[in-house]
Amino acid sequence: ASPAIAARVVDELGAREAVLAYGQSEASPNLALSCCWEPPELEISGRMRLQPGVEVRIRGENGTECPPGVAGEFQVRGWNVMRGYFDKPAETAAVLSEDGWLSTGDLGRLDENGRLEFAGRCKEMIRVGGENVAPADIEDVLQRHPKVRQAQVVGVPHPRLIEVPAAFVIARAGADCATDELLEWCRARLAGFKVPHYLKIVEDFESVGMT
């Protein structure tokens with residue numbers, strides 16, 4: 001869940017001890033978790049503590065390690081990582097290095113305190129000119145707007161910039177939600193290259209799909 005959705009779970013459902021976790025079948029049950037005893041703004045921020053004995057590193061497109069705060073594919077090594085896919089050596093070799101690092105296929109960033117923040121799937125990354133943009137970063141900003149119930153961001157082709165972000169938004173029931181209002185909200189909270197070039201308010205996501 002994005003921090004905006006997590007905040008709604010606390011505010012609207014009263015689940016004040018809910019925590020966020022990240023895991024996948026190949027590194028289960030989870031490798032990072034937030035803590036219910038920490039301040040609420042940190043608990044639902046999406047920045048999770050690594051489990052003891054678990055290592056994470058963030059890799060850029062050229063294979064170099066990303067500095068704190070920069071998103072890239074994250075790899076994990078530790079007691080929770082699988083030994084391999086059963087009877088599938090080629091598939092195993094594609095994601096698991098000889099020294100035990102699992103390539104997750106997910107985007108994330110580590111902060112200066114070593115907390116992990118999930119930022120989406122690598123294949124969903126939008127390449128705006130020379131910048132990589134995670135759709136989840138834009139979706140979280142949109143979903144913080146009081147009139148927005150849900151947002152979905154995708155990349156669409158652009159003749160000069162390769163791709164640009166396009167947003168589909170579902171408004172909260174009864175809200176008078178205008179496109180210009182939401183774009184202005186984004187401009188005040190996002191770097192210019194992350195602001196959606198297109199934004200459409202829709203009734204649901206059935207026509208565009210969730211992924």
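Q: Which residue in β2 is the bridge partner of Y22?
A: In this predicted model, Y22 is bridged to A32 of β2.

Q: In which sense do β1 and β2 pair, and over how many bridges?
A: Strand β1, residues 21-24, and strand β2, residues 27-33, pair in the antiparallel sense, with 3 bridges. The two strands form a hairpin, and 2 residues lie between them.

Q: Turning to pockets, what volume has the largest pocket?
A: Its volume is about 950 Å³. The lining comprises 40 residues, and F118, A119, G120, A136 and E139 lie nearest the centre.

Q: Which elements each supply at least two residues of that lining?
A: They are α1 (3-13), β1, β7 (116-121), α4 (135-143) and β10 (148-158). Helix α4 gives the most, with 7 residues.

Q: How do the lining residues of the largest pocket divide?
A: There are 20 nonpolar, 9 polar and 11 charged residues in that lining.

Q: And what volume has the second largest pocket?
A: The second largest pocket has a volume of about 340 Å³. It is lined by 21 residues, with A71, G72, L107, M125 and N132 closest to its centre. Two or more lining residues come from each of β5 (72-78), β6 (102-110) and β9 (131-133).

Q: Which element has the largest share of the lining there?
A: Strand β9 does, with 3 residues. By class, the lining of the second largest pocket holds 9 nonpolar, 4 polar and 8 charged residues.

Conventions. Residues are numbered from 1 along each chain as its sequence is written. This is a predicted model: local features need pLDDT of at least 70, side-chain atom pairs count only at pLDDT 80 or more; totals for chains, interfaces and linings use all residues. Side-chain values use heavy atoms; hydrogens and water are left out. Two strands pair if DSSP finds at least two bridges between them. Helices (H or I, at least four residues) and strands (E, at least two) are DSSP runs, numbered from the N terminus. On a 1 Å grid over the protein atoms alone, a cavity is a set of points where a 1.4 Å probe fits but cannot get out, and a pocket is an open set with protein on both sides within 12 Å along at least five of seven lines; lining residues have an atom within 4 Å of a point. Grid points are joined across faces, edges and corners, and a volume is the space filled by probe spheres set on the points. Ala, Val, Leu, Ile, Met, Phe, Trp, Tyr, Cys and Pro count as nonpolar, Asp, Glu, Lys and Arg as charged, and the others, Gly among them, as polar.
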